[in-house]
Amino acid sequence: MKVTFPHMGNQYIATKVLFEELGVDIIVPPVCSKETLEIGTKYSPESICLPLKINIGNFIESIQQGADTILMSGSCGPCRFGYYTMLQKEILQEIGHNIDFVLLDPPQGDYKTFVNRIFHITNTKNPYKIIKALAQGTKVLYQVDELDDIAYYKRPRQRKIGEVDNLLEQFQKEVRNVKGYKEMKQLVGETKEKLMAIEEDPNKEVIKVGLIGEIYTIIEPFVNLNVEKKLGEMGVELDRSLKVSRWLTEHLYLHPLGLSMEKDIIKEAKPYMKTMIGGHARETIGYAVKYAKEGYDGLVQIYPFTCMPEIVAQSILPTIEKDFDIPYLCLIVDELTGDAGYSTRLEAFVDLLKRRREMKEDAKLLSGY
Ligand code: SF4
């Protein structure tokens, strides 16, 4: 059995560690690329949301390297993600790939089914080994998310433009050559030290932007056309609202105990959206309010064309923009999105935010405060 899984930002790094610790033979999907998207678009329904097309591309590229089993996380929510697995299975079957799918739904208290599904793809029948590997995978997720946070801080301040991303590119290459938790932990630790050591220019003007929207789009650089790099190099310090580490902690460890890390966010969203409508629309609204209250300069929402929950969130965000006087930019991506137009919109938005910041500072000076 050779197991593969979606690439999905840095999530693949933790899944790789989890399976290596369990002794499972894996095929890590190649980095998402134009070819991945072309393959996915060719075989997926035209109007389906972009993450499914990328997944199909990832899976076919891994099948070409020998994968025969696919691991997917599931969702019981009301958006299309709930039937991604079935749809993907049918698409692959139609083109002649009879692949075994293992669906890891959030356990919702039923840990037995959850662990049994992991048993299905591992050689071990030792639940303690599985729990240990899950804990190590989760730790790695937090560690790589921390690398992203350091990169968000350093990018707008780096003296030599490009240094942060050269280092991260190198990290992504080396990830494929290390094996298991210990080696990955060491690689992440070394990369963190190098990132922290990048020289800063104290004279650079930095503005703060909250990145909100559909989770897959905001965590996968290929899908969002490297928005983090683009904005960072324009002088923007980002904060990304959604992280896979938090999503996993929430669904794997906290929900079954009736706990949540997102209570404050749901409270912030309540005046605008009272209920969960699928995807992360409620989080998009809640984080938008949170960032506005914390004095961020602007908000950028990104979502895939036809994403139902984010379309609803988009219809609410102009009200938040008005209520809190915070500029907001919405970017919708699909396989036809062109880099030049996308970058121009980002540049114009950043110019606007910088100008607003200057005007606020001038007004402060004139009023004597
Ligand atoms: S959240 Fe949006 S993009 Fe993601 S699966 Fe649901 S509808 Fe598709």
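Of the contacts in the protein with a separation of 6 or more, 74% join residues 24 or more positions apart; two residues are in contact if their C-beta atoms, placed from the backbone, lie within 7 Å. This is a predicted model, where local features need pLDDT of at least 70, side-chain atom pairs count only at pLDDT 80 or more, and totals for chains, interfaces and linings use all residues. Residues are numbered from 1 along each chain as its sequence is written.

Here are the overall figures.

| Property of the protein | Value |
|---|---|
| Radius of gyration | 21 Å |
| C-alpha box along the principal axes | roughly 70 × 45 × 40 Å |
| Buried share of the 369 residues | 40% |
| Secondary structure | 15 helices and 7 strands |

A compact globule with 369 residues would have a radius of gyration near 21 Å, so the protein's value agrees. That radius is taken over C-alpha atoms, and the globule rule is 2.2 Å times the number of residues to the power 0.38. As for the other terms, a residue is buried if 20 or more other C-beta atoms lie within 10 Å of its own, exposed if 12 or fewer, and partly exposed in between, with C-beta atoms placed from the backbone. Helices (H or I, at least four residues) and strands (E, at least two) are DSSP runs, numbered from the N terminus.

Now for the inside. Domain 1 (3–125) and domain 2 (206–369) each supply at least three residues to the core; the bounds come from an automatic or database domain assignment. Ile13 touches Val140, Val144, Val175 and Met184, if you skip residues up to four places away in sequence.

Finally, Trp247 sits in helix H11 (residues 244–254). Trp247 is buried, since 20 other C-beta atoms lie within 10 Å. Beyond its neighbours within four places in sequence, Trp247 is in contact with Ile215 and Leu242.
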